[in-house]
Amino acid sequence: MIFTLLAYALLLLTGWALALAPAWLPYLLAAYGGFFVIYFWCMLSPSSSAFGPVISQLPGVGKQVVYLTFDDGPHAVVTPAVLRLLRQKQVPATFFVVGEKARALPEVVAQIHREGHVLANHTDSHHHLLTLTPLSVIQREIERCSGTIAELTGKQPDCFRPCAGIKDRYIAAAARRAGLLLVNWNKRSLDTVCRSPRAMIRRMCAKPANGDILLFHDRPTRCSLADKLAVLTAVIDCYREQGFVFRGIKKRPAQDGPAG
Ligand SMILES: [Zn+2]
């Protein structure tokens, strides 16, 4: 709302300057530049709530809680390997799945659900340009993915994460209308880039805070599967050593599965 009002105000002022006060034009152009820089920062920043509520950290009550999240699955090889590790470590996590991938691998989705993890919505086709599409397309992307999760698990998802965490007021509104919490993260593993597994572990384990939401991907990335699992293991261990418990992300924390 505030962005729309600002855009209209700048447009009116530009019309006024063009007609009556050309000396003001450079200042108005500079204001336009500033406006777009702030607008894009709000779209791209995972924690910005400028367009509506966004959860990027979720403080637990009474104990130190951390939330592991995986995006872009399910994948036939990576997801079962991640599940195996989580089972060994007895750690619950949240999987933000892509609807069309979920329909292609229903048995993997069923396994995620059966093993006590949370399934969440990550759009139907992982549409990268969702911010440039009409509201009806955004709604369809969200509804189809939620429908697939409900069909495969018998449970509607609670949470939605837009692709790359990028949101605008239409995406935020569509998530709200679908009854979904918009959930991003406050610590990303950068497993898509994977420059140095050791640096990834150091960064993820630095300054652990209550309610940290950690971002990983359960699909092939530049990280080998072995490196991805090694980083994941080290991150789980370092949080545990500092007294944290792991949980899946749900609307009502009382419904959380067993803490890991
Ligand atoms: Zn994604």
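Predicted model: local features only at pLDDT ≥ 70, side-chain atom pairs only at ≥ 80, totals over all residues.
Figure 1. Local features require pLDDT of at least 70 and side-chain atom pairs count only at pLDDT 80 or more, while totals for chains, interfaces and linings use all residues. Residues are numbered from 1 along each chain as its sequence is written. The chain has nine helices and eight strands; helices (H or I, at least four residues) and strands (E, at least two) are DSSP runs, numbered from the N terminus. The C-alpha trace spans about 70 × 40 × 40 Å along its principal axes. Domain 1 covers 2–44 and domain 2 covers 65–255, with bounds from an automatic or database domain assignment. Their C-alpha centres lie 38 Å apart.

Figure 2. Of the 260 residues, 38% count as buried, that is, with 20 or more other C-beta atoms within 10 Å of their own, the C-beta atoms being placed from the backbone. Two residues are in contact if their C-beta atoms, placed in that way, lie within 7 Å. Among contacts between residues at least 6 apart in sequence, 76% join residues at least 24 apart.

**Figure 3. Close-up of helix H3 against helix H9.** H3 (residues 78–89) and H9 (residues 225–241) pack at an angle of about 25 degrees, and their axes are 11 Å apart. Axes are lines fitted to C-alpha atoms, for helices over the stretch in contact, and angles run from 0 to 180 degrees between N-to-C directions. H3 and H9 are therefore roughly parallel, a term for angles under 35 degrees. Their crossing is right-handed, meaning that the near helix is turned clockwise from the far one by less than a right angle. On the H3 side, Val78, Ala81, Leu85 and Lys89 take part, and they meet Leu225, Leu229, Leu232, Thr233 and Ile236 of H9. Seven residues of this contact are nonpolar, one is polar and one is charged. Ala, Val, Leu, Ile, Met, Phe, Trp, Tyr, Cys and Pro count as nonpolar, Asp, Glu, Lys and Arg as charged, and the others, Gly among them, as polar.

**Figure 4. Close-up of helix H8 against helix H9.** The axes of H8 (residues 197–205) and H9 come within 9 Å and cross at roughly 25 degrees. That angle makes H8 roughly parallel to H9. H8 passes H9 in a right-handed crossing. From H8 the contact uses Pro197, Met200, Ile201, Met204 and Cys205, and from H9 Asp227, Ala230, Val231, Ala234, Val235 and Cys238. By class, 10 of these residues are nonpolar, none is polar and one is charged.

Methods:
Parallel < 35°, antiparallel > 145°, perpendicular 65-115°, else oblique. Buried ≥ 20, exposed ≤ 12 C-beta atoms within 10 Å, placed from the backbone.
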